[in-house]
Amino acid sequence: MLTLDKVYHASFVLKEVIRDTDVIYAPKLSQNCKVYLKTENLQTTGSFKVRGAYYKISQLTEEEKSKGVIACSAGNHAQGVALAATKSGIKSIICLPDGAPISKVEATKAYGAEVCLVPGVYDDAYQKALQLKDEKGYTFIHPFNDENVIAGQGTIGLELLEQLPNMDAVVVPIGGGGLISGVAFAIKQLNPKIKVYGVQAQGAASMFNSIKDHEIECLESVSTIADGIAVKEPGDLTFELVDKYVDDIVTVNDDEISTAILTLMEQQKLVVEGAGAVAVAAVLFDKLPLEGKNVACLLSGGNIDVTILSRVIKRGLIMTGRSAQLTIELIDKPGQLKGVADIIAALGGNVTSIHHERANEGSDVNGCFLRIILETKNQEHIDEITSALTNAGYHLC
């Protein structure tokens, strides 16, 4: 049974392995509330997951430890289990979805684990891990639906209460629900007035749907850039705890997540993965009633693949109006390009790419298309440029 004593015990045990992560005031992130960032993206292994994994393994019997441990993960739990097992001198096997970022796969191996890549998503890796557990007798370390794992994650709640005593609300990412279950349990036990809000990716809203419909539901598929919270079905323990202690759950889409990642990089100099950015995305896009409140956003992890990062940045730039593509239909004659360039330059736009091509069949025989990619300030700046071009007689497609 999950108790506050167990969370405090986990906090004591974890002092030997985890890093004390700072809470950073981030005044630029919202004009409606005071935002503070709990930087678990800077935790050992780059994620909060080491807390639950290490505490769970520390509580195993000697017989369980002798058999070795097995886990399944989208990446962060894998690294936590691998580190905890290696520090304890235990063999570890990790089942990962074959689509997990390469950086997470390699990091898991570097912490000393044997990696088994499984076709599909997290839930497919989970089934494979259970199969190997039964076949080989390994001890299974569940990523979220386990009281000791939840207690380990709950230590973040204890830290937040110490670091931010005037906290009115905390916003927490949700995948399977282990993190928010622990955080909400610890906080509500000690200060039930504090609001606890959960955030899921719109493309993997299993807990959101389950709580709304008052029963555990399994999604047919999940699709989100927040791979760390791409879970088809919450656990029974986490469902029960979330239903009891979490005040509300909202969802954010991939464009909003991308914007949050970019914003954190630019304004706070912090690198987070998709799952780690969803709490900030919820605040940026006013998904929660936080006006005038002191709000802690939990940055759950920073293990983003650099190849994904470049695509996310591009998407975030487009979402925030920092980048725009214009297609202009022109008459192919001297001076046309100069006229367009003069208008853009006069309004402070920066052209980064130009593509010119002859018109297609059915268009004016002397026609052409000009595709321009611009660096811009915001959506209003884009609108100003497009209006000026239109007023000057240019036809935007």
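## Close-up views of a predicted model

Of the 397 residues in the protein chain, 56% are buried, where buried means under 20% relative accessible area, exposed over 50% and partly exposed in between (1.4 Å probe, protein chains only). This is a predicted model, in which local features need pLDDT of at least 70 and side-chain atom pairs count only at pLDDT 80 or more, while totals for chains, interfaces and linings use all residues. Residues are numbered from 1 along each chain as its sequence is written, and side-chain values use heavy atoms, with hydrogens and water left out.

**View 1. The protein chain as a whole.** The secondary structure comes to 15 helices and 14 strands, where helices (H or I, at least four residues) and strands (E, at least two) are DSSP runs numbered from the N terminus. Taken along the principal axes, the C-alpha atoms fill a box of roughly 80 × 50 × 40 Å. Among contacts (heavy atoms within 4.5 Å) with a separation of 6 or more, 72% are accounted for by residues 24 or more positions apart.

**View 2. The parallel sheet β5-β4-β3-β6.** In this open sheet, 4 strands are arranged in the order β5-β4-β3-β6 with parallel pairing, two strands being paired if DSSP finds at least two bridges between them. Because β5 (114–118) and β6 (139–140) stand at the edges, each with a single partner strand, one side of each is left without a neighbour in the sheet. Strand β3 (residues 69–72) is joined to β6 by 2 bridges, and Ile 70 has Phe 140 as its bridge partner in β6. Between β3 and β4 there are 4 bridges, with Cys 95 of β4 as the bridge partner of Cys 72. Between β4 and β5 there are 5 bridges, and the bridge partner of Ile 93 in β5 is Glu 114.

**View 3. Strand β4 and its two faces.** In strand β4 (residues 92–97), 6 of its 6 residues are buried. In a regular strand the side chains alternate between the two faces of the sheet. Here Ser 92, Ile 94 and Leu 96 point one way, whereas Ile 93, Cys 95 and Pro 97 point the other way.

**View 4. The nonpolar cores.** A nonpolar core is a set of buried Ala, Val, Leu, Ile, Met, Phe, Trp, Tyr and Cys residues joined through side-chain atoms within 4.5 Å. The largest one has 61 residues, and those with the most contacts inside it are Ile 57, Val 69, Val 81, Met 167, Val 170, Val 183 and Ile 187. Helix α8 (residues 178–190) contributes the largest share of this core, 7 residues. Leaving aside neighbours within four places in sequence, Ile 57 is in contact with residues including Val 69, Val 81, Ala 84, Ala 85 and Ile 141. A second, separate core of 36 residues includes Tyr 197, Ile 261, Val 283 and Val 312.

View 5. Lys 49 is found in helix α2 (residues 49–58). Lys 49 is buried yet has no salt bridge, and the nearest side chain of opposite charge, Glu 273, is 9.6 Å away. A salt bridge here is a side-chain nitrogen of Lys or Arg within 4 Å of a carboxyl oxygen of Asp or Glu; Lys and Arg count as positive and Asp and Glu as negative, whereas His and the chain ends are not counted. A polar atom of the Lys 49 side chain lies 3.3 Å from the backbone oxygen of Pro 143. Not counting residues up to four places away in sequence, Lys 49 touches Asn 76, His 77, Pro 143 and Gln 153.

**View 6. Glu 159 and Arg 51.** Glu 159 lies in helix α7 (residues 147–163) and is buried, with a relative accessible area of 13%. The side chains of Glu 159 and Arg 51 are joined by a polar contact of 2.8 Å; such a contact is a pair of N or O atoms within 3.5 Å, of which, within protein, one must be able to donate a hydrogen and the other to accept it, and residues adjacent in sequence count only if both atoms are side-chain atoms. Not counting residues up to four places away in sequence, Glu 159 touches Ile 18, Thr 21, Lys 38 and Arg 51.

**View 7. The antiparallel sheet β12-β13-β11-β14.** This open sheet consists of 4 strands in the order β12-β13-β11-β14, with antiparallel pairing. Strand β11 (residues 323–331) is joined to strand β13 (residues 367–375) by 9 bridges, and Gln 325 stands opposite Ile 373 in β13.
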